[in-house]
Amino acid sequence: MKKWPVCLLLISFWSSLFTPFFSPIAEATSNDTYSYTIKSTNNPGYQKYYPSSTINNLTIAVPQFQNYQVKSYTLRKNDIEKGQLGTYNTSTQQINISIISGDPVPVNADGKSTMYYAIWRSSSGKTWRTGTSEAGNYEYAASSSTLLGGISQYPGAIPAIDDSGKAIPSQLRYSDGSAAAWSDKLPPPDYFVTNTGDLVTNSKVSSHSINITEATPINAGMTIDYKGKGTDGYGYLKVHKPLSLNNNVEGLDYSVDNSLGGNVQGRSYFLNSNTIWSGTTYLLEYEVDVIYERIGTPTKPDLIADDISGPPVIEVGKPATFTATYHNEGMDINNTFNVKVTDEKGITLKLDTIRSIKSGESASLTFVSTFMTSASKTFKLTVDSGNVINESNESNNTIQRTFTPGAAPTPTPTPNKEIKADFDVLPPLIDYGDSFTAHPKDLQLGKCTYTGHMYKFVRGSNESVTEWIRSYSDTTYTRSDYPRAIGQGNHQVYMKVSTDCGATDWIGPKTLEVKGPKNNHPPTFQIAWVKRSEPTKPVRQAMEGDILDLVVIQDPSVPTPNDLDGDDFIFDGFDYSRGTPWIKGLKGKYPTNEYGMYEVTMEKGTHTVYGTGRDQWGATAEASAFINVLSRSPIPIIKCPASVIENHIVPFSAFDSSGSYSPDGTPIDHSRDEWQNKQTSYANGTGQDITVQVKLDVYDTKGRKSDAPAVCEIIVKPDQPPIAKLEVPSLGIRNEPNVILNKSYSPDGDEIISAKYKYKYDALNNGFADDTWQTLTGTMKQVTFAGSKVGKYLFWTEVTENYGLTGSTDNQSQSTLVLNIVNNAPEVSFDLKGKNPQPDLDASTTIRPEKMIDWPVYVPNTLEQVYDKLKLWNVDGGSLVGGEGRNFGGAANNMNRYEMNRATGNDTVFWTMGTQADNGFGPNSLSPWRALTNKNKFNDIILDKDNELMQVRSDGNILYNHFLPQVYSTKKLTIFSGYKGSSYTIYGMNPKKLSPIIWDYSNPYLPKRKWTNGTRMST
């Protein structure tokens, strides 16, 4: 049996933050002492994180300064003063601390754990064998349902007992027959990350603390049974997966080994998991403040370049500010000198002219640089760049630092020398499929050491860059390992050489022409993201976390792939080097085969991936697949008042987040709503409208937070004071009450809660300037005043609203606030009597009803007289009494008079139908709005429930020779009765639904009748 070990593959992607070198703090504390701060980040060999809380034998190098020696020092560990720990060794110039402790820091990591389940099919093709060295080997016959052509196509359920009668242990078999696997030695990811974003290698994480906290299956059908801590330094996983027909796709569910031939086949089923790890590391950061004492008198100045520091993170395309520091350790300098900063090309970025610097004094300058690419830059600080100061030490005037966008500065290598190189492409003209050779030559390194070279191939918009080649020798490319850009057509080829002094620019180009058949056309094809269940239907929008496949669509109905020349289609693969960071990280992360990548977990964003295909002659084409992946994060929907008044209470009910939702339907956990600037009131103070913003983030019940807050704007209006206004009557009578109305109001709707009143009396009739105010009591609505003196009175009020602002009548026109009191006028009274006889205007003529009944009666608004006015009016005991309705209007459409004979058996029936006005009652004299008491003679057509005619002859006899029909109206239904045969029946009829009957007498001996709706009934 061939044994397959269970192993783990970890792939981790990390981004690191840039951590700058910090400039030392140096200052002269007096003429005889000098202080300097050593930061841990600048100490050679410094290690920030440790795997144990106890750190042994820590050494800190102490800088030395001419004419000074170390007097004392104090240490701060993780921002806590620790005093003078350890001892200072004057011979090694180091501080030695035998034991110091670090502070625990939790760390986390994401990883990918890959395990396999190995199983072999025997030469018979019908049995399968599995096992490990620890659990033993077991063989069992596959179920007949797995057989095709007598060969088992997949292992199926693993039985509890193998063919030899041995029980298959739980290490190999899950309780339901699935394949089981476990490991307690799953290595952790290479790097963990702290909550501050620092990357920590796993060697600096406490091995006892390393643990798998979460695990999710990558492969379909797989279940994780247990996760946790393995042996120290490792994680533990236990999983199972059915080896069934549903998990039987080669390259997706398993890899195969057919090397033994025949029916023998080895399978390694993928049991991959995305894992989240936790652990603990120990932080040690320190600063040492060193005090130096002078031991000699300096005889010369000594300028020292200290450091260059930059921002924590350098962003590509954005200006970054850097600081360069230096100090003078020797005698005072009173002569002018220059300080200069240059880049790696020698271009001056900053030049300062310094007129003087005292002994022990520190100074600095700043400069700005923009990184247009992700390439590193090296800056060099030079003090006394013109070498005009005679110093005791000229070797410490320069320092340089290298900075990389997004990374910490690294030591700068020796500046690049003149590196020369050349190469040939042999032969420069080939047929597609032939081999060619890149031949490097004429390498001149100077004092540098060669470290590698690479090639770049460009054909139109297609570009391929090779990996670094570590030997300066020929590289031959055959058809199977052509760079992606190679195809039919002309190519430009470039070479770059790397040394320990740096790399050259691209050298070249050299040409390579690849020939194919004349008039050859490239193939056409489609690539797309698809669901497994719909492999030919492109998906252009998905949700974050959805599982999709990236494939070359195989659909003959389109057709795709297709070649006009009938050539073979060869797919060269997907180009993961272009596109979003997520696209760039896909390679090697998911299962692939010749035409696709499978079970890809989608990440939010808009992504485009490219693929290249060709025919056998090298004519290439490119296709792309676009997809918009929507975030599953909840979407905050915010509502807030459009405007408020400053300092007024804003109820929390005015803010609403209930419209928020998750795109995948997960409920929103409103208990975790995060509001920014949601206040019960808002200040203004400007006297004009201002705008404030309120923001909202929400969480769903799965703990996901919205990607960005929702924002609403509120206009905060200034609170306007009330407008005080009095309505004062212009004239009043002495000692008579005068009502003065308070018409004050708040322009922004606030409530006025108090009012004060005062008045002045113009005693000298010379205006009110020399008169005093007197208090007057009134209500919020009015004040009543009775002036006891004749003259003018001036009234005033001040009102206060419920938010404290006041307003007075100071701005109201004084003339509208003055009441003029006058004396009562004299009174006189008298009586008048007279007589004016008038004629009698109440003459009347009596007209008796008997005379009025003879007057003509007209149809309203016409000159037409009604048909029978006696039905409208009659004389009753000296009164003119109105009748039951109108008796005018045309005859009903079915009220014609017909006379006919009809033989029914031996009987002869004679029907006579009289013409009658509808009198406002509608067809059949039945009114939908007015009741009839009865009709003694009723010759209209009425249908009974059997659709038979029920009618009264014109002589008053009834067809049925029984009772006269009795007719009533309820405004909606007309009720009538009829007697037929031996039964008496009452019917209800809706006149609105009554269809008039039309008779056909084309054959007088066989009349026919039908309804107007077209339904025909014959006799």
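Colleague: What is the relative accessible area of Arg 704?

Modeller: Arg 704 has a relative accessible area of 21%, so Arg 704 is partly exposed. The structure is a predicted model, in which local features need pLDDT of at least 70 and side-chain atom pairs count only at pLDDT 80 or more, while totals for chains, interfaces and linings use all residues. Residues are numbered from 1 along each chain as its sequence is written, and side-chain values use heavy atoms, with hydrogens and water left out.

Colleague: With which residue does Arg 704 form a salt bridge?

Modeller: Side chains of opposite charge can pair when their charged atoms come close. The criterion for a salt bridge is a side-chain nitrogen of Lys or Arg within 4 Å of a carboxyl oxygen of Asp or Glu. Arg 704 pairs in this way with Asp 700, with 2.8 Å between the closest N and O atoms. Asp 700 is buried, because its relative accessibility is 1%.

Colleague: How many salt bridges does a search of the whole structure find?

Modeller: The search finds 27 salt bridges. One of them joins Lys 39 to Glu 287, where the closest N and O atoms are 3.3 Å apart. Lys 39 belongs to strand β2 (residues 33-39) and Glu 287 to strand β22 (residues 286-294), so this pair ties together parts that are 248 residues apart in sequence. Strands (E, at least two residues) and helices (H or I, at least four) are DSSP runs numbered from the N terminus. Lys 39 is buried at 18% relative accessibility, whereas Glu 287 is partly exposed at 23%.

Colleague: How should I read a pair of aromatic rings, and how many are counted here?

Modeller: A pair of aromatic rings is described by the distance of the centres and the angle of the planes. Rings of Phe, Tyr and Trp (its six-membered ring) pair if their centres lie within 6.5 Å; planes under 30 degrees apart are stacked, over 60 edge-to-face, and the rest tilted. The count comes to 32 aromatic pairs. The ring centres of Tyr 759 and Tyr 793 lie 6.2 Å apart with the planes at 45°, so this pair is tilted. Tyr 759 is in strand β55 (residues 752-761) and Tyr 793 in strand β58 (residues 791-801), so the pair ties together parts that are 34 residues apart in sequence. Both tyrosines, Tyr 759 and Tyr 793, are buried. Elsewhere, Phe 525, Phe 569, Phe 571, Phe 574, Tyr 576 and Tyr 595 make up one aromatic cluster.

Colleague: Which ring lies under the charged end of Lys 758?

Modeller: A charge sits over a ring if NZ of Lys or CZ of Arg is within 6 Å of the ring centre and within 35 degrees of the ring normal. The charged end of Lys 758 sits over Trp 796, 4.3 Å from the centre of its ring. Lys 377 likewise lies over the face of Phe 371, at 5.0 Å from the ring centre.

Colleague: Which cysteines form a disulfide?

Modeller: A disulfide is a pair of cysteine sulfur atoms within 2.5 Å, and the count here comes to one. The partners are Cys 640 and Cys 712, whose sulfur atoms are 2.0 Å apart. They link distant parts of the chain, 72 residues apart: Cys 640 is in the loop between β47 (620-630) and β48 (643-645), and Cys 712 is in strand β51 (residues 710-717). Cys 640 and Cys 712 are both buried.

Colleague: Where in the backbone are cis peptide bonds found?

Modeller: One joins Leu 426 and Pro 427, with omega about -15°; Pro 427 is in the loop between β31 (420-426) and β32 (429-431). Another runs from Thr 560 to Pro 561, with omega near -5°.

Methods:
Buried means under 20% relative accessible area, exposed over 50%, partly exposed in between (1.4 Å probe, protein chains only).
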